[in-house]
Amino acid sequence: MKREITNNVYYVGVNDNTTTLFERLWPLPYGVSYNAYLIKDKINVLIDTVEYSYNDIFFSQIEEIIGNEKIDYVVVNHMEPDHSSSLLKLIEKYPDIQIIGNIKTLGMLSGFYGITKNVKEVKDGETLNIGEKTLTFHLTPMVHWPETMMTYINGDGVLFSGDAFGTFGAVGEDVMDEAADMTIFTDEMYRYYSNIVGKYGGPVEKAIEKLSSLPINYICSTHGPVWKKYVPQIVEQYLKMARYQGDEGVVIAYGSMYGHTADVAKNIYDAVVEAGIKNVVMHDLSEVDASYVLRDVFKYNTLILGSPTYNAELFPKVADLCVKLEGRMIKNKNFACFGSFSWAGAAVKRLTAFAEGMKWQIIEPKIEIKQAGLDVDVKALSKQLAENIKAVVSC
Ligand code: FEO
């Protein structure tokens, strides 16, 4: 594996191609990497660790680089256990190591691992000279936990960004982005961000603004490739996601028990494509994991949600998606809805209330069918809806 990123900064992370669900929730079709980095200088500094099951590989990689030399400091940019659960093993191997974090990190070190000794608190903007290089610590709370911070090597322009700019997907033998398949990573970055960090758009945007004056040559995140060639594009993508700015496009997501709501969805899909809207994707929520729907909701600016009425409520798969969308406090969406019922309609009413709660722009008409909807001209209503959407999405 190519380890040196630049000027005595090394990649010592690992790939996880075994775990099927990240956080026991989100599918990992391309795996995931837990990235850690080693800075070799007069004082050797490790940036983060890796998930506990992979610490044998992690330590052997470190030894390949520094042999029997000691590690003086480990900087903990983020305490979530996918990055911190090797800390106790690290202390066992390097008993004199000092752990660097901010005041919130220190509380979590104690709470998660009982670690209270050899810890060094740093404040926002504080620097640490390690020989040739000087590190600056930037506190970036809630990207993605309260203690999250970033570490920057002055001069080299290397930013260790924690989860920010991260993505699902294992890295290749060459961890640099030039070697990465960006068709996969661009999409997986949307999925990672929307699934994991999506609620914290405000703090992410604030962090990007805070660091905007730093010259950045490399972004070393905790997940995914090391960004060098694509730094501007990745920062731009993160800014867009943080601001909930979707591209022109429509996501149609629906539940359907016996195919009637699905028929409406297909009519709407055809009408929206016919109207010439650029990106149109459709998801049957009984067939697809919500992870992918969230990805597309962040990617595009319009969501059309459909549901049958089920026990006088939304179909459970639709209700579950609504909870996930609410949980991420997604802003700036155009919204339309459709639904069906057998004897008393509730779904469209519920979907409308949901969108009002989200403060999204609701586009008419709402299409609601009773039973098979034989008395409703779904095609004509879909055409009207598609035209109204077209007028809004491409603005
Ligand atoms: Fe990859 Fe928030 O941890």
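Student: Which strands each supply at least two residues of the lining of the largest cavity?
Tutor: A probe the size of a water molecule, rolled over the atoms, shows where empty space is left. Here strand 15 (158–162) and strand 16 (218–221) each supply at least two lining residues, and strand 15 gives the largest share, three residues. Strands are DSSP runs of E, at least two residues long, numbered from the N terminus. A cavity is a set of points on a 1 Å grid over the protein atoms alone where a 1.4 Å probe fits but cannot get out, and lining residues have an atom within 4 Å of a point.

Student: What kind of model is this?
Tutor: This is a predicted model, in which local features need pLDDT of at least 70 and side-chain atom pairs count only at pLDDT 80 or more, while totals for chains, interfaces and linings use all residues. Residues are numbered from 1 along each chain, and side-chain values use heavy atoms, without hydrogens and water.

Student: How many cavities of 30 Å³ or more are found?
Tutor: The search of the whole structure finds one, and the largest cavity holds about 30 Å³ of space. Among its lining residues are Asn35, Tyr37, Asp48, Phe160, Gly162 and Ser221. By type, the lining has four nonpolar residues, six polar and one charged; Gly counts as polar.

Student: How do strand 15 and strand 16 run relative to each other, parallel or antiparallel?
Tutor: They run parallel and are joined by four bridges; two strands pair if DSSP finds at least two bridges between them. Gly162 has Ser221 of strand 16 as its bridge partner. Both strands belong to an open sheet of five strands, in the order 12-13-14-15-16, with mixed pairing. Strand 12 (127–129) and strand 16 are the edge strands, each pairing on one side only.

Methods
On a 1 Å grid over the protein atoms alone, a cavity is a set of points where a 1.4 Å probe fits but cannot get out, and a pocket is an open set with protein on both sides within 12 Å along at least five of seven lines; lining residues have an atom within 4 Å of a point. Grid points are joined across faces, edges and corners, and a volume is the space filled by probe spheres set on the points.
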